[in-house]
Amino acid sequence: LGYEAKAMKFMSHEACRSQVRLQWYNQLDPSIGVFGVMWRMLLFWLPVTFASISMAHQDGSGHPTRVFNWREMYRERSRLFRAPICKFIVDCLFYCILLLLYTYVLLNSSTPTYSWQEKLLWVWMFSRLVDELWQGYQQGILVWGTSGPNIFDVVVYLGFIIAFSCRLADTSSAGVAQANFFYTLDFVALFLRGLRFYAASPELGPKLIILGKMLSNLASFFMFFLVLLFTYGIAAQAILYPDEGWGPYTFQSIVYRPYFQLYGELFLDDIRNDTNCIGVSPFSS
C-alpha cells in the first residue's frame, strides 16, 4: 500500500526496508550480498553452494543463527532463481552484452551488406520493444507514460526504428552514413539508459539521485553563464572587429570565441593578424 501510494517517507523506514530487502532476496538471507548471489548462480550445479543461505532462525538468546539443512538446499536453489535480485543480475548481464553487440555493429556498419551481428541486433532490439509495449498494455498507457524511464525508453526505440528504416531504405554510401548517424545517437541514449541499474545499488543509487538534482540546479546557474557569455562576446566582437558588421558568422563569433577562451584558447594568432600587431609597439603597423 505504501509503494502504491508512493509514500516514500513511509517506505524509507527501517521496518519497510527490511521487508523490501527480504522480498528482493525472496526470503533468503540478505547477508550473502550481490556477489554471493552471483557466484551461487554460476555454481548452481554444486549443492554445497546453497548450504549457507538457509533461512536464519532465532536461538534462545534472540540472536539469528544459521541452520545448515541439507534437505532444503534444492528448495533454496529454486528460491534463489525466483528472487528479484537474480532476475536483476541476469537483466544487467544481458544488457551489457547488448551494448557490446551494439558497439561492434556501430563500428562495422559502414558496408552496404547486413552482417549476422546486425541482424541479431535488430531481433534483440525489436524483442525489447515488444516487451516494453507489453508492459505498457499491462500497466495502462496513462500510468506507464507517467514514468520518466519509460519515456526515455520510447526515445531509445524510436531512434532505433529511424536508424533501422534508414538502413533498409538506402544501401548507398550516403544512406549508410545516415543510418550510422542515427545508430550513434541511439547508442548514446541506450548507454545512458544503463544508469538505471545504478538505482539498485545502496552506494550508487543515492549518488544517481544527487546527480539528477544537481543537473536541475545547474540549469539556473547556466542562465547566469549565458548572460556573462553574451556580454563578453558582444563586447569583444565590437572592440576587435568594429568594421565587420552583421554577417552569417557574427553570432558564431560572439559565442564561439568567449566559450573556448574559458578553456585557455585565447586566439592570439587571430587577434594579431586581424589588428596588424606586428610592429614595435602594440597595435602599430
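Helices are DSSP runs of H or I of at least four residues, numbered from the N terminus. In this predicted model, D186 is found in one such run, helix α9, which covers residues 173-193.

**The acidic residue D186**
- D186 is buried but forms no salt bridge.
- Beyond its neighbours within four places in sequence, D186 is in contact with Y102, M125, V155, V156, Y157, G159 and F160.

**Aromatic pairs**
- A pair of aromatic rings is described by the distance of the centres and the angle of the planes.
- The count of aromatic pairs comes to 19.
- One of them joins Y102 and Y183, and because the ring centres are 6.0 Å apart with the planes at 90°, this pair is edge-to-face.
- Y102 lies in helix α5 (residues 84-107) and Y183 in helix α9, so the pair ties together parts that are 81 residues apart in sequence.
- Y102 is buried, with a relative accessible area of 0%, and Y183 is buried as well, at 1%.
- Y259 and Y263 also form an edge-to-face pair, with 5.3 Å from centre to centre and 70° between the planes.
- Y259 counts as partly exposed because its relative accessibility is 33%, whereas Y263, at 59%, counts as exposed.

**The ring cluster**
- Ring pairs link Y102, Y114, W122, F126, F160, F164, Y183, F187 and F191 into a cluster.
- Among the members of this cluster are Y102 and F160, which are also in contact with D186.

Notes
Residues are numbered from 1 along each chain as its sequence is written. This is a predicted model: local features need pLDDT of at least 70, side-chain atom pairs count only at pLDDT 80 or more; totals for chains, interfaces and linings use all residues. Side-chain values use heavy atoms; hydrogens and water are left out. Helices (H or I, at least four residues) and strands (E, at least two) are DSSP runs, numbered from the N terminus. Buried means under 20% relative accessible area, exposed over 50%, partly exposed in between (1.4 Å probe, protein chains only). Lys and Arg count as positive and Asp and Glu as negative; His and the chain ends are not counted. A salt bridge is a side-chain nitrogen of Lys or Arg within 4 Å of a carboxyl oxygen of Asp or Glu. Contact means heavy atoms within 4.5 Å. Rings of Phe, Tyr and Trp (its six-membered ring) pair if their centres lie within 6.5 Å; planes under 30 degrees apart count as stacked, over 60 as edge-to-face and the rest as tilted.
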